[in-house]
Amino acid sequence: MNPKYLRALELDKILARLATHTAFAASAERARALAPVTDPEILARRQTETTEAVALLDQHPETGIGGARDVRGYTKNARIGALLAPTDLIEIRQTLIAARTLRRSLGRWDTLYPRLAARAAAMIELPTLEDAIARAVNDRGEIADTASPELARIRHELNAMRGRLMDKLQRLITSAATAKYIQEPIITQRDGRYVIPLRAEAKGRIPGIVHDTSASGATIFIEPLPVVEMGNRVRELERAEEREIERILRELTARVADNADALDATVDALAELDLAFAKAKYSVAMRGTEPEIVIASEAKQSPSSRAGIASQTALAMTSLHLIEARHPLLDPDQVVPITVQLGGAFSILVITGPNTGGKTVTLKTVGLLAVMAQCGLHIPARAGSRLPIFSGVFADIGDEQSIEQSLSTFSGHLKNIIEILRDADARALVLFDELGAGTDPIEGSALARAILANLLERKIPALVATHYAELKAFAQITPGVQNASVEFNVETLSPTYHLTIGLPGQSNAFAIATRLGLDRALIEQARANVARGNVEMETMLAEIKRARQDAAAAQAHAELAQRDAEQRARDARRIARETEQARADILQRARADAQAEIELAREELNRLRQEWRAVAVTRDFVANAQSKLDELARELPAPVARTMPAPIPTAPGQVRVSDYVWVARLNQRGQVIALDASGADVQVGNFRVRLKADELREKISAPEIPVEPVVSAVSVPEVESPGIEVSLRGMRADEALDTLEKYLDRAYLAGLPYVRIIHGKGTGTLRKLARDAMRQHPLVADIREAQQHEGGEGVTIAKMVSR
């Protein structure tokens with residue numbers, strides 16, 4: 001695409017913002033050089049990479065290129081034999097580490113982010129080079145002793161010699177015989193030699209070589225003769241160290257040169273991945289979404305054929321639909337979103353409205369979002385927005401006046417228009433701001449209509465902003481051309497920036513003048529000066545606008561009613577589903593209760609069978625047992641006599657709630673707890689029975705003391721059943737164990753043979769905790785994992801010990 005039109009749309013500012021989200025120079029360079037593409041496969045890959053990067057950073061925000069650097073300059077130097085510095089080598093190693101880490105991470109996630117993983121696969125791991133640099137250069141950028149055995153030997157000897165030298169000098173400056181000649185008790189260096197400061201007047205008192213004098217002349221720096229030989233040896237070792245370090249650096253530089261192509265390929269892959277991450281961060285920052293890129297089938301079949309490309313125009317141009325689009329350079333909290341559609345019944349949109357009303361912003365928004373999408377960027381619009389692939393976006397926007405080229409505003413625009421009409425084809429998008437402006441209005445509007453007719457004939461899609469009423473009428477009566485308007489609030493005298501397709505913009509000059517208080521007589525005189533045709537046209541357009549607004553209001557009301565009906569239908573379906581689920585749950589619980597009862601009966605039957613087989617029942621056995629029972633009975637204390645009050649005949653209707661009545665069918669006394677016309681609910685011990693009205697014939701007095709049988713042995717109390725299942729899901733370990741312990745105790749006392757422990761699947765921690773506890777519990781005979789229809793891995797079935 002022509003860079004001039006991309007600058008007019010301010011794509012360069014978008015790419016500059018994108019570059020701020022990159023992490024190193026190579027990717028920033030790519031961001032600023034990003035250009036729209038027209039190849040469907042390349043565009044699809046770019047958009048997919050951006051979308052994958054958004055998802056990746058959402059799930060793994062720490063992902064990035066780490067400490068990678070653009071080391072291509074170092075590889076270039078290495079190729080020509082220029083010695084690399086230790087800090088250069090550190091950056092190369094950090095880049096290799098970052099590339100290796102990112103490559104392996106994306107390799108693990110290749111099924112989730114296949115495009116990014118494919119990019120990462122292009123990075124080449126160089127463990128030998130990485131290890132060689134790590135051995136030779138430490139994190140402070142110094143050559144380490146481990147770089148070579150020779151360097152370690154030299155440094156060991158150098159440190160020892162330097163230590164002896166320093167000890168001898170230290171003894172010299174602290175000696176009582178020489179301390180009085182010392183200017184200051186320190187050891188310093190001059191020209192690489194270790195020296196001590198001596199007072200100038202004491203020169204010669206300590207034999208040595210003078211290496212320097214202070215600026216005042218009061219101090220001379222001498223190397224005492226006793227340490228000269230040691231100083232010479234130190235200098236020799238230092239030079240040997242320098243030569244060995246240079247040899248090591250040349251060796252590492254040669255290794256970098258040998259792997260230069262691999263390093264460059266790795267940096268390129270890192271730059272592409274970092275660019276994808278930058279596009280993802282920019283998408284999140286501007287609340288962007290991936291646009292749907294519509295590709296015509298004809299173009300896919302023969303992308304290299306100009307005939308095939310041209311034949312896709314009608315299909316492609318049905319696809320531009322931007323929903324709640326925002327200009328990315330404007331404040332997202334202030335900008336008014338616009339919805340624009342181009343294609344289908346019309347390929348040219350004529351936008352009218354007041355100055356500063358948003359016409360130019362609309363043109364720039366559509367053009368800029370189109371080229372952003374073809375750069376592989378997400379766009380600030382609602383999901384579901386669609387864009388075709390444009391062969392070019394041509395924009396005549398802004399003042400083209402040029403003093404240097406002796407061009408007026410009109411001439412500058414016309415020069416652009418001629419170039420656009422020459423280069424644009426049916427796959428391009430044309431944007432004209434104030435078409436025909438800058439010259440005589442009559443001639444300008446006539447020229448504008450001719451240009452629109454030419455675009456329409458050539459099937460070139462276009463958006464045109466204008467003030468000409470003639471173009472509004474042209475759009476209203478010409479098939480393939482549609483009106484649109486940016487609205488103006490006459491009350492506040494300010495634009496609303498809201499774009500309405502299908503309605504032309506009205507002239508607001510007279511309305512604004514009236515609002516501001518211009519003499520009404522002047523306004524009426526001005527109206528009379530307007531051509532009758534223009535007045536009728538404005539009146540007609542106003543009527544059309546009102547009709548469209550009424551239709552839109554009716555449609556909105558109908559849509560609201562439809563949404564309400566759909567919501568009611570969804571609620572009804574939800575209630576039906578919940579009811580059906582509740583019914584299924586009840587049936588499931590009933591089946592489980594029945595199964596538990598069956599298991600209990602089976603256990604009891606098996607016990608009886610075992611006892612029957614184990615005991616040989618004979619007459620002697622029965623007689624002996626009866627004898628023992630009689631003996632036990634004689635030893636028991638006599639039971640305390642309890643008398644039951646005599647029933648009192650009662651007429652129907654005299655029984656009240658809380659009265660005691662005689663329950664003839666059970667031969668027991670019971671208390672009335674609920675009463676109605678058909679009968680009563682009566683509590684008899686732990687049971688609740690229903691008596692008909694004709695059974696409520698005998699009242700008895702309340703018992704003074706409870707009638708309790710004499711117990712001859714310890715018995716296990718009966719408790720209310722806790723239910724055949726308990727859920728531990730969502731509980732902490734100690735809470736779950738406490739709940740399980742209490743439930744198993746109650747289940748045993750209630751006589752349940754089997755129970756279901758619901759712990760869920762999750763990580764398996766709660767399941768293991770519950771099963772380990774039940775295996776050690778004295779009231780649990782056995783446990784097993786539930787079958788699939790019983791809950792599968794999320795449920796454990798426990799068999800209780802028989803009472």
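Colleague: In what order do the four strands of the antiparallel open sheet run?
Modeller: The model is predicted: local features need pLDDT of at least 70 and side-chain atom pairs count only at 80 or more, while totals for chains, interfaces and linings use all residues. Residues are numbered from 1 along each chain as its sequence is written, and side-chain values use heavy atoms, leaving out hydrogens and water. The sheet is open, with antiparallel pairing (at least two DSSP bridges between two strands). Its order is E1-E2-E4-E3.

Colleague: Which are its edge strands?
Modeller: Strands (E, at least two residues) and helices (H or I, at least four) are DSSP runs, numbered from the N terminus. An edge strand here pairs on one side only. That describes E1 (188-190) and E3 (208-213).

Colleague: By how much are neighbouring strands of this sheet turned against each other on average?
Modeller: Direction is ignored for this value.

Colleague: Which residue in E4 is the bridge partner of Thr213?
Modeller: E3 and E4 (residues 219-224) pair in the antiparallel sense over five bridges. For Thr213, the partner in E4 is Ile220.

Colleague: Helix H10 packs on this sheet; what angle does its direction make with that of E2?
Modeller: Helix H9 (residues 149-174) also packs there, touching E2 (193-199) and E4 (contact: heavy atoms within 4.5 Å), with its direction at about 5° to E2. H10 (residues 228-258) touches E2, E3 and E4. Its angle with E2 is about 145°.

Colleague: Which residue in E22 is the bridge partner of Glu725?
Modeller: E21 and E22 (residues 754-758) pair in the parallel sense, over three bridges. Within E22, the partner of Glu725 is Arg756.

Colleague: How are H3 and H11 oriented to each other?
Modeller: H3 (residues 25-32) and H11 (residues 260-285) pack with axes 8 Å apart, at about 60°. Axes are lines fitted to C-alpha atoms, for helices over the stretch in contact; angles run from 0 to 180 degrees between N-to-C directions. Under 35 degrees is roughly parallel, over 145 roughly antiparallel, 65 to 115 roughly perpendicular, the rest oblique. H3 and H11 are therefore oblique.

Colleague: Which H3 residues meet H11?
Modeller: On the H11 side the contact has Val267, Asp268, Ala271, Glu272, Asp274 and Leu275. Facing them in H3 are Ala26, Ser27, Arg30 and Ala31.

Colleague: And how does H4 lie relative to H7?
Modeller: The axes of H4 (residues 40-59) and H7 (residues 114-121) come within 8 Å and cross at roughly 100°. That makes the pair roughly perpendicular.

Colleague: Which H7 residues make the contact?
Modeller: H4 contributes Arg45, Thr48, Glu49, Glu52, Ala53 and Leu56. H7 contributes Pro114, Arg115, Leu116 and Arg119.

Colleague: What pLDDT does the chain average?
Modeller: pLDDT is the predictor's confidence in each residue, from 0 to 100. At least 70 is reached by 81% of the residues. The chain average is 82.
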